[in-house]
Amino acid sequence: MLSIKESAIDFLITNKNKIVNEWNEQTLYSPENPLYDKTSLHFGQFIEFLIQTLMHKSAHTEKMIKQLAHTVAAERLQAETPIVDFINHVSSGRSILIHHLLLQNMSTVENQSIIKLMNSCLDQFLYDSISYYSELKSEMVNGQCNTLSQTHKERLTLLGKMTSSFVHEFRNPLTSIMGFIQLLQAETPDIKYLDIISTELQQLNSRITQFLDISKKETKETEKNIFDIGHLTQEVIEFLYPSILEVNANITTNLADNILISGSKEEFRQVLLNIILNALDVLSNENSNPLIDISTTVEISKQLTMNISNNGQKIQEDMIRDIFKPFITTKERGTGLGLFVCKEIIEKNQGSLTCSSNDVLTTFTIRIPCV
C-alpha cells in the first residue's frame, strides 16, 4: 500500500500535464502578452519541484523553489503586470490541484494530508515571490526617490495592495465555512468539536484582519470604552481555551480587582490575543512544562503595569531590539505584523509595550494609565 507521500507523488506525476493545461487555459493570456510563453513553463517547473520536495525534502529543492519564485517575481516586475494577477493565478493553480486531488480514489485523511503538503509548498512559493517582488519594487522606488520617507510610503502602498488582495481571496471562502459551521451547530448540536472548529476559524479570521490593520488608513477616531482589564483578560483566556488545551499550557493569573482602562476594548482584546497566542506558539515547541503567567499591578499614580510571561525559549538580544518592527518575527511562517500592531495600539493610548527575555522567562510588559 502506498504511503501518503507516495500517493501524492503518483498523483502529481500522473496528472501534471492535465493540470498545467487546465491552468494555462484559465490564465487567459493573449499571445501578445510578454508572459504568454513563460507561465505554463513555470507552473510545470513548480510541480516538478513539488514532486522532488515530496520525494526527498532538502535544502536543494527548497532553494530551487525559491529561485523559481525570484524568477517569476522579476519577470512580473519587468513586464509591469499587477501583482494581484499573480496572486490570482497561484490561487487558480491551487484550486485546480485540489480539484484533481479530490477526484482521486483516496481516503479523506490521505486527501487532507496531501493538500496540507501542497499548500505548504505553495504558500512558501507565494511568500518568496511576493517578498522578492517587494524588494525589487523597493529598489526601483529607491532609485527614483531622494528621501527615506518617500521610499517607506511606496512600500506601504504596495503592502496595502497586497494585503487587500490576500484578505479578499482568503476571507470569502472563510466566511462561507464559518456560516456553514454555525448552521451545523444549530441543526446538529450533538456533533463533536464544532465549537473548537468555530473558535479556530475565528482566530484565523482575526489573523487575516491584522494585515488590513497595518495597511488601512483610519478615517475616524476609534470608539473608546471604559472597561475592566482583568475581566477582559479572563475573557481572552476562555476564548483561547482550545489552543491552551492543545499545548497543555498552565496559565496562572494574579489580576488586581476593578482596574478600569479607557480605550477601544476590541483593540485591547487584539493586543492580549496576539501576545498570548505568540506565547502558545513558542510553548508548543517541545516544552515539557509550558507556563504562561499574567499579572497586574497599579501604582499610586494610577499607572497600570501588566506582565505577560512565558517560559519558552529565550529571545536573543538582537531580536529583542527589533521585535516590534514590522516584518520582524521569530516564527518560521509569521507575518511580523502582530506585535507591531500591538505596540501601535498601546502607544496610541498613551502607554508603552516592551519585551525582556532571559533563560527562564520572556515577558511582555504593558504600561498604561488607568481610570
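1. Helix 12 spans residues 338-348, and its buried residues are G338, L339, F340, V341, C342, I345 and I346. Buried here means under 20% relative accessible area, with exposed set at over 50% and partly exposed in between (1.4 Å probe, protein chains only). Helices (H or I, at least four residues) and strands (E, at least two) are DSSP runs, numbered from the N terminus. After helix 12 comes Q350, with a positive phi near 60°.

2. The model is predicted: local features need pLDDT of at least 70 and side-chain atom pairs count only at pLDDT 80 or more, while totals for chains, interfaces and linings use all residues. Residues are numbered from 1 along each chain as its sequence is written, and side-chain values use heavy atoms, with hydrogens and water left out.

3. The largest nonpolar core comprises 42 residues, and I229 and I275 have the most contacts inside it. Such a core is a set of buried Ala, Val, Leu, Ile, Met, Phe, Trp, Tyr and Cys residues joined through side-chain atoms within 4.5 Å. The elements giving two or more residues to this core include helix 8 (229-239), helix 9 (241-247), strand 4 (291-298), strand 5 (303-310) and helix 12. Helix 10 gives the most, with 10 residues.

4. Leaving aside residues up to four places away in sequence, I275 touches I308, L339, C342, L353, F364 and I366; contact means heavy atoms within 4.5 Å. Another core, of 37 residues, lies apart from the largest one and has F11, F43, L97 and C121 among its residues.

5. Five strands form an open sheet in the order 2-4-5-7-6, with mixed pairing; two strands pair if DSSP finds at least two bridges between them. Strand 2 (250-254) and strand 6 are at the edges with a single partner strand each, so one side of each has no neighbour in the sheet. From one strand to the next, the twist averages 15°. Strand 2 and strand 4 run parallel and are joined by five bridges; N250 has L291 in strand 4 as its bridge partner.

6. Helix 10 lies across strand 4, strand 5, strand 6 and strand 7, and runs at about 25° to strand 5. Axes are lines fitted to C-alpha atoms, for helices over the stretch in contact, and angles run from 0 to 180 degrees between N-to-C directions.

7. A279 belongs to helix 10 and is buried, with a relative accessible area of 3%. Not counting residues up to four places away in sequence, A279 touches I292 and N310. A279 and P290 are 11 residues apart along the chain, and their C-alpha atoms are separated by 9.5 Å.
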